[in-house]
Each structure stands twice: as structure tokens, then as C-alpha cells.
Amino acid sequence: MKTITIDPITRLEGHGKISIFLDSKGNVENAYLQIPELRGFERFTQGRRAEDMPQITSRICGVCPVAHHFAATKALDKAFNVEPPSAAKKLRELMYCGYFIYDHILHFYFLGGPDFIIGPDAPADKRNILGVIEKAGLEIGKEVIKHRAYGQKMTAILGGKATHPVCGLPGGVSKGLTEEERYEIEEMDESCIEFAKFTLKLFDDIVLQNKDYVDIILSDPYTLNTYNMGLVDENNKVNFYDGKIRVTNQKGKEFLKFNGNEYFEHISEHVEEWSYTKFPYLKSVGWKGFKDGEKSGIYRVGPLGRLNASDGMATPLADEQYKRMYETLGGKPINSTLAFHWARLIELLFATERVMELIKDPEITSNDIRNPVGEPGEGIGVVEAARGTLIHHYKLDKDGLIDKANLIVATTNNAGAINMSIRDAAKGLIKNGEVNDGLLNMVEMAFRAYDPCFACATHTLPGQMPLEVNIYDVNRKPYKKLTR
Amino acid sequence: MKTLVLGIGNPIMSDDGVGFHVAQALAGKIKDENIDVEDISTSGLNLLEIIIEYDKVVIIDAVMRGEKVGKIYKLYPEDFSETVHLTGSMHEVNLPTVIKIGNELMPEKMPKEIVIYAIEVKTVDVFSEEMTKEVEKTVPLVVDRVLDEIK
């Protein structure tokens, strides 16, 4: 008999790779998603001028530059001990809502939504925006592109550049808003509000009116009873740009509420030998492995995490939709992973309504947009990126240069939950070593709901990130590989 | 005829920035008012908004095909057509899909010609403003190829 020597797998590497480990009976024991970790950030930033951080960090990620830009800017406010003028905060939030508009539209129509609009069983090459256009019509395709561009235009007007903003400074912003620009944003936003309403209606017609889809949403493999986390305002309503971090428990009740600068008192990071990604958990509850329930400190962030962690939306139309979602899916909290899609659309509507509130605020065209900075020190900035809570933490030296920088990004906050969702989806599809053909689709749906961000480099050329699922047997020997 | 020379890449992620660096080098050499030179550190749909209204677009980007580092490829969008189905699993939308979307939604605005110069790179996951030596050496070569291309 041939002896097979198996090297212990210490760290699995690769971009967006999924590894599934089977037990002795050929059933799923565990499943892991490897998210690439970029190296050398701390060394790269050490000794740089602190005020360059909003520009540097906005280049980390081609997907959420605005989120990094403002997490960095807010960390600098604290580090330089300065409170921005009220108008500057409003301008930042306005721009931030523009980012949510284009990012959430992108996810629904291009990434997550096609699973529903085209159908979870449809071939992969149809489940994309081109399939959506084929099914919903060319006109809808044009509307999608138009409103995504409006969101981008709003951020470009305020941020100086659409993709990599240059406006955030410690103590404020570099550029105010003219009356013409104010009017331009208002016009675009009127259209965006209607488009957000239309999109919720589309979701209603296609998903909620289809019992099969609702059954999938409520099914066990797509359910996790974790804690939920998100920023809330003084009324415990969802806020993307500012507020306190609130955590609710499995019963939907407040479990923790704290300021961003206290995060390290409440959040710890668990390390697994197979992954560069750390797994954050609630310190007071503790790390109990990849488990849900009140005894496990794993929490979820992102659209559903935020809505579960709040008491409602701060604008009227979005709040109506918020109530409707909880009535439809059985009260708070909603633990159905696929409800992230619905929550995301409610947030889209909120973002458009919030833009309208801010743009009509007389203070928005004020020139009082920056306060002088104080002495350099330490600062923590927290925002809600489209995909969840994002934390920047800097220590500055006496000359205002970066001594230490640490980031906890949204996808990392969700890392524990994403792994569990993938495992649970895989469990239903691998039995006694038999791998069901639908595996890739169902696993994809599980992680896509979170809108995880794998790609921090910016390549457009293909051949880099195919979805790859590696299945290992009980001896951790490669058993099957599925790629697309 | 309006031409766009577009370098794609992230200048703080080592070799990923090669497209950015080529565009920077070209910006000083091209004086023709019908040719714009731009660089972006993002991809996906943003590309569509940038390339529309041009007749010809020359893209410079990094690629990892597992061949010799520093190799320069001249490619066309159809070279990637077999990978369109990958888009669903990536965060953003890849180039061929972007072009398809454009052709469906606004064919009249789409460039008639798109050429891609891709450079085989080594390191894209380490924060650094420096490229690896093999990749850095290709920058003047790619600059010359692009200048020829738009002549």
C-alpha cells in the first residue's frame, strides 16, 4: 500500500479561495474563505505625514475609497484634537451618502441581485448585469448606469475626484459647495430617490412575491444567530458617517453601545493558523469557534447588521420600509443572510433621502468648513463602509508623522460569519463525499450577500480571481476542485 | 479622432502601479491635443464612464499570467472574452463585461478601437511605491510601444 504523506496545512493562501474540509464520513466539517491580506501597510505608513493618510488609504481599495478616506479623516480629527465645524461634517456626510448610492446600486444590480433577478439556478454567465438587462430590459440598464453615475458625480463634486477623494482634512474639508453645485446635486438626487423606490419595488415584485425565493431566504443554511453591529445616531437610528457603535444581541436588544475610541475595550481579534485574516469577536462574550448564538462573540456588520443594530432609519420612506422588512420576515432581529440584499436597498433609499435633507440645509453652502488643528496625538476614526464598520487607528509622533497605524476593515469584521455561512451552504450540498452540482451557486450566494471585498489591488485584467473551491478529505488531502 | 491613453494601477501596491507609472511618463511626452493621458487606481464600471466618447483607447495594465516577469503583451478585448463569466465572483466588473455593457447600452458612444498593453508583474500585494526591478525596466519600453501605437 502506498503511503501518502500529508504536509500540515498551516496557512492557506490565495485570492477569494474557498476551502472545504470533510470529516471521515465525507460530510462538511468546516469551510473557509481566504481573503487576501495585503502586506507591509504598517511599515509603509510609518514616518509619513499624518495628513496624507486620507489619500493613501483611499488607494488601498478600488471599491471603497470614500470609506477609507473618511475613516482616516475622522481619525485625524481626533489625533489633532480638533472638532470640524458643523458645515464640514454635513458636507462629509453628504459626500458619504453619494458613495452609498453608487456602491449599493452596483451591488444589487451587478453582484448580488442577479442571483434573484435571473434566478439562483440560472447559469453563472447569465447571473450578471447583462442577464439583468436581458430580463428587465435595456431601459432599466440605462437607469442603473445613470443613477450609479449620479452617486459618483455627487462624490466628485464634493471630493474633487470621483474615485480618490482629496477633500478630507483634519478639522474639516478643503472645499465647500457653491449654490450651482447644490442645485445640481438636488436635481440628481430627486431622480435617485425615485430610482431607489423603483428598485425596492423591483425587489418586491421579483423576490418577495415569489414563495420559492422567500423560502430560500428563510432557510436554515442561510440563517445565523449572531450579534449585530453598526453605527447609530442619538436616536439609535442608522447612520453611515458618525455616531456610536451599537451591538444588539440575538433577541434584538441592546448589548453594547460605545464610542469608536473604545473599540479595543470591546473587540478582540482571534487568529487561526490557516488564515492571514484575523477574526474579530466581542471581548466580553469570548471566542468560541465558528459558532453562532449568544455564547459566541461573533457578530455581523454591513446592511443587515446595521439595521438589526438600530431602532430604525432616520428618514421617513426608508423607515417605512424598515418596519415592513421586519414585519415580513418575522420581527427583530432578522438572521437570514440573504436579507442583506433587502437591507441594502432600504439603505439605498435612506442614502438618497438623507442627501435631500442635507442639500436643503441652509448651512450646506457655508464657508465655515475648517477649524485649526491642535497638537498631534492619537486618534481613532469609525465609519460605516457600504459593507460594514470600518475602523482606522493612528498614533502620531510629536512632528505629526505616523508612528503606528492599524485598520479593521468591514470584511474582516464579517470574516467569522462569512466562513460560517459558506460552511452551512456547503453542508447541504455535500453528503457522504458526493458533491452536488449546485454547490458553487449556493456557496456564492452565501458569501455574496455580505458583499465582501477581496480585491484591494486594482487589476482589471482577468485570469486573477476565478472562484475556486478546494475540497479536502478528512486527511486534509485534496479531494475535489471546482472552478469557474 | 479622440484618443485616450489610460494607465490602470495602484501606485502604492508595488508592481500593480506599472500602468500608472507608464501613464505618468507618457503625460510629459504627448503634446497632441487630441490625445488625453489619464491614470486610475480603480476598475470595473468606472472604466466605462472614462472610455466613452473616445474613438480609440489604449489601456496599460499589469497582468499575472504566470509567464516571465516583464513580458509585454499587446491584447485586444476579445482576448478576454472567455473569462466574462468570472465577473460574478469578483467584486467588480471586468473589462470585457464593461465593454459588453457599453455596447448594449450606449453603442454610439463606445470607442471603435481598444488596445491593451499588459505587463507581466511579480508583486502586487505589498505596500510600496517601488516596483520590482524587472517591471521597472519595462516602463520605457512600454512608453515607446504606446507612442508608436498612437502615432
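Start by selecting residues 388-396 of chain A: that is strand β12, and six bridges tie it to β13(A), with the two running antiparallel. (Strands here are DSSP runs of E, at least two residues long, and helices are runs of H or I with at least four residues, numbered from the N terminus; two strands pair if DSSP finds at least two bridges between them.) This is a predicted model, where local features need pLDDT of at least 70, side-chain atom pairs count only at pLDDT 80 or more, and totals for chains, interfaces and linings use all residues. Residues are numbered from 1 along each chain as its sequence is written, chains are lettered from A and ligands numbered from 1 in the order in which they are written, and side-chain values use heavy atoms, leaving out hydrogens and water.

Now click on A:Leu396, whose bridge partner in β13(A) is A:Ile402. Widen the view to take in three strands of chain A, an open antiparallel sheet in the order β11-β12-β13. β11 (378-385) and β13 (402-408) of chain A sit at the edges with a single partner strand each, so one side of each has no neighbour in the sheet. From one strand to the next, the twist averages 15°.

Next, select residues 65-79 of chain A. This is helix α3, lying across β11, β12 and β13 of chain A at about 150° to β11(A). (Axes are lines fitted to C-alpha atoms, for helices over the stretch in contact, meaning heavy atoms within 4.5 Å; angles run from 0 to 180 degrees between N-to-C directions.)

Move on to α12, residues 316-328 of chain A. Which of its residues are buried? They are A:Ala318, A:Asp319, A:Gln321, A:Tyr322, A:Met325 and A:Tyr326. (Buried means under 20% relative accessible area, exposed over 50%, and partly exposed in between, with a 1.4 Å probe and protein chains only.) Look down the axis of α12(A): the buried residues fall within an arc of 160°, so they line one face of the helix. (That arc is taken from the directions from the helix axis to the C-beta atoms.) They pack against α8 (179-208), α11 (303-308) and α13 (339-359) of chain A. On the other side of α12(A), find A:Pro316, A:Glu320 and A:Glu327, which are exposed.

Last stop: the cysteines. A:Cys97 is buried at 2% relative accessibility, and A:Cys192 is buried at 2% as well.
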